[in-house]
Amino acid sequence: MKRIIFCTLVLVMFFLNSVYLNAQIQKTLGMDGGFYFNSSNIAYHFSLTYSLQFNQYFGISAGTMFLSVPLDIAGWSDSSRNSSYYFDEDNIKRFNLFFSTFYSRPLFQSTGVYTNWSVSFEPIPYEYISLEKRMNNDILSENVGKYQFAGFSPGTFLEMGLVQYLNRDNNGLRLSLGFGYGWYDMYAGYNRAIIDGQRISTYIPNNNLYKRISLKLIGL
């Protein structure tokens with residue numbers, strides 16, 4: 001995590017020193033979709049973005065991101081083996097706000113490269129987590145749950161990739177495909193929760209380092 005933050009700061013300082021900001025600010029809308037993966041988990045997102053581009057190369061963005069995280073996990077028994085537990089949800093939906101800074105540069109004709117650094121968080125840091133509890137000698141089940149503080153579910157990613165400029169002057173509308181690496185706790189509330197004596201973090205993926213592939217359309 002510290003290495004990611006350090007590399008990010010170095011890149012941001014390099015890009016800031018390599019461009020000259022001017023008063024001509026271009027305001028654009030954009031959207032993108034992303035696929036996250038590591039050795040134990042996958043997730044997907046769709047986001048809407050508002051960007052301020054200070055010149056041809058450098059800009060900042062803010063937006064909303066809707067994240068879908070699978071929770072396809074088998075049930076388990078408590079220590080006494082008298083009860084079995086199952087997650088009520090098989091898919092978690094998250095709503096995030098994010099801020100990012102980006103730098104792009106044409107290399108030849110209408111194709112170039114870009115880099116993007118983003119941070120995200122959930123504006124509402126609470127979520128309801130529930131389990132289905134079933135006594136092993138009973139066919140009936142009950143729901144047990146609680147509202148859990150999720151710690152705003154912060155995340156950060158550094159991303160690089162190719163950009164295709166769709167305007168002749170290499171400005172405005174552009175399509176990009178990138179690969180990123182970063183940290184995000186997909187199950188922030190679950191990692192903190194203890195329900196009916198069950199520490200939920202024991203039963204969910206605990207690898208918070210993810211690779212990400214994203215496709216962006218910017219300049220709408």
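Which backbone nitrogen does the side chain of Asp 185 reach at 3.4 Å? In this predicted model, the backbone nitrogen of Ala 188.

**View 1. Asp 185 sits in the loop between strand S11 (174-184) and helix H2 (188-192).** Its side chain reaches the backbone nitrogen of Ala 188 at 3.4 Å. A polar atom of that side chain also lies 3.2 Å from the backbone nitrogen of Tyr 187. Asp 185 counts as buried because its relative accessibility is 12%, under the 20% cut-off.

**View 2. Asp 185 and its contacts beyond four places in sequence.** Asp 185 touches Ser 153, Pro 154, Asn 191 and Asn 208. Asn 208 is 23 residues away in sequence. In space, the C-alpha atoms of Asp 185 and Asn 208 are 5.3 Å apart.

**View 3. The largest nonpolar core has 24 residues.** Those with the most contacts inside this core include Tyr 36, Phe 87, Leu 131 and Tyr 190. Strands S3 (58-70), S5 (83-87), S6 (91-108) and S8 (126-135) each supply at least two core residues. S3 gives the largest share, 3 residues.

**View 4. Tyr 190 and its contacts beyond four places in sequence.** Tyr 190 touches Leu 71, Phe 87, Glu 89, Ile 92, Glu 127, Ile 129, Ile 200, Ser 201 and Ile 204.

**View 5. An open sheet of 4 strands runs in the order S4-S5-S8-S9.** Pairing is antiparallel. S4 (76-77) and S9 (141-149) each have a single partner strand, so one side of each lacks a neighbour in the sheet. Between S5 and S8 there are 5 bridges. Ser 83 stands opposite Met 135 in S8.

How values were computed: Residues numbered from 1 in each chain as written. Predicted model: local features only at pLDDT ≥ 70, side-chain atom pairs only at ≥ 80, totals over all residues. Heavy atoms only, no water. Core = buried A, V, L, I, M, F, W, Y, C linked by side-chain atoms within 4.5 Å. Buried < 20%, exposed > 50% of the residue type's maximum accessible area, 1.4 Å probe, protein only. Contact = heavy atoms within 4.5 Å. Pairing = 2+ DSSP bridges. Polar contact = N/O pair within 3.5 Å; in protein donor to acceptor, adjacent residues only side chain to side chain.
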